[in-house]
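Okay everyone, thanks for coming. Let me put the structure up on the screen, and then we'll walk through a few spots together.

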Amino acid sequence: MGVYRLGLTIYGVKVGIETNRKFLLKEIESEIPLTFPVEIFESEYEKSTRRFSIKVVGKEKYKIEIDGEKPYIVDDKKRYLPVFFSYMRVKIAEYAESKVFIHAGVVGWKGKAIIIPAESYKGKSTLVAELVKFGCSYYSDEYAVLDEEGYVHPYPKMISIRETDGDFTQTDFCAKQFGTIGAEPIPAGLVLITEYEKDALWDPLQISTGQGILEILSQTIPIRYKPEFTLFVLNKSLSRAIIAKSKRGEALHFAKILITYFEETSKLNFT
């Protein structure tokens, strides 16, 4: 049994990864480019500020530790990498340099971003997939990544469609199966505060920038660690966008309704 280490810099965060099996490190290395759609640099493990460990501890049991916190045991061979990378993405979102991560789905429509902040299991990935099928460009189903100017950057990981079967399983799809992938940073055009509800009536209420910021703070990852910078970026991004709030129905039918609303409301607000 050996110790295998890797040092990387992702979004300015110096990451150290340690395993006790060579095959684990090779699997992680092959998945990194698919999990973090950004230029990644090699760095020294010893200088890392965020450390991640994944070790085999029994037959098909894997122990995951993040920054020395209480370990998490995964006893399913198919789940250890998704769980490991999920924790890793959250930590990088918390500490990324010059970026603000919001837990949200994002698509682009005619050069503007539609941002859909929401917790997990609220249907944002399903809605993003339907919007991409409709003709939007895919930016992310997990994070809206904002820069200092408030522009939204692509974060095109695999689209993870979950099913509620008692264990919240998910299936990952390449966004190219559904449509195009966004390539350039774009300004926010619409921030939609919504969640799926069966037979919900679409009745959008436009709210102010301040109200919108309050609505999405719970989904804004770095607010605890850099509140001033985070609020500055949120204000810069949301102040140029329409912010609407409403329940919604099935994603398949709602995608067209949303794009129609966005185009009609944009004409009223920006012309």
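Let's start in the loop between β4 (50-58) and β5 (61-66), because that's where Glu-60 sits. This is a predicted model, by the way, so keep that in mind as we go. Remember the general rule: most residues other than glycine have a negative phi.

Look at the loop between α2 and β7 (100-109), and you'll find Ser-98. Ser-98 isn't a glycine either, and its phi is a positive value near 60°. Ser-98 is partly exposed too, at a relative accessible area of 36%.

Helix α2 covers residues 80-95, which is 16 residues. At 1.5 Å a residue, α2 should span 22 Å, and its end C-alpha atoms are 23 Å apart, so that agrees. Which residues of α2 are buried? Among them are Tyr-80, Leu-81, Val-83, Phe-84, Phe-85 and Met-88, and also some with charged side chains, including Arg-89, Lys-91 and Glu-94.

Now on to α3, residues 124-134. Here 8 of the 11 residues are buried, so α3 is largely enclosed by the rest of the structure. The buried ones are Lys-124, Ser-125, Leu-127, Val-128, Ala-129, Glu-130, Leu-131 and Val-132. What comes after α3? Gly-135, with a positive phi near 135°.

Last stop: a pair of helices. When two helices pack, we describe them by the angle between their axes and the distance between the axes. For α4 (residues 209-216) and α5 (residues 227-238), the angle is about 125° and the axes are 10 Å apart. That angle is why we call α4 and α5 oblique to each other. As for handedness, α4 passes α5 in a right-handed crossing.

So which residues meet there? On the α4 side, Thr-209, Gly-212, Ile-213 and Ile-216; on the α5 side, Leu-231, Leu-234, Asn-235 and Leu-238. Sort the residues of that contact by type and you get 5 nonpolar, 3 polar and no charged.

How values were computed
Residues numbered from 1 in each chain as written. Predicted model: local features only at pLDDT ≥ 70, side-chain atom pairs only at ≥ 80, totals over all residues. Heavy atoms only, no water. Buried < 20%, exposed > 50% of the residue type's maximum accessible area, 1.4 Å probe, protein only. Helix = DSSP H or I, 4+ residues; strand = E, 2+ residues; numbered from the N terminus. Expected span 1.5 Å × (residues − 1). Axes fitted to C-alpha atoms, helices over the stretch in contact; angles between N-to-C directions. Parallel < 35°, antiparallel > 145°, perpendicular 65-115°, else oblique. Left-handed = near helix turned anticlockwise from the far one by under 90°. Contact = heavy atoms within 4.5 Å.
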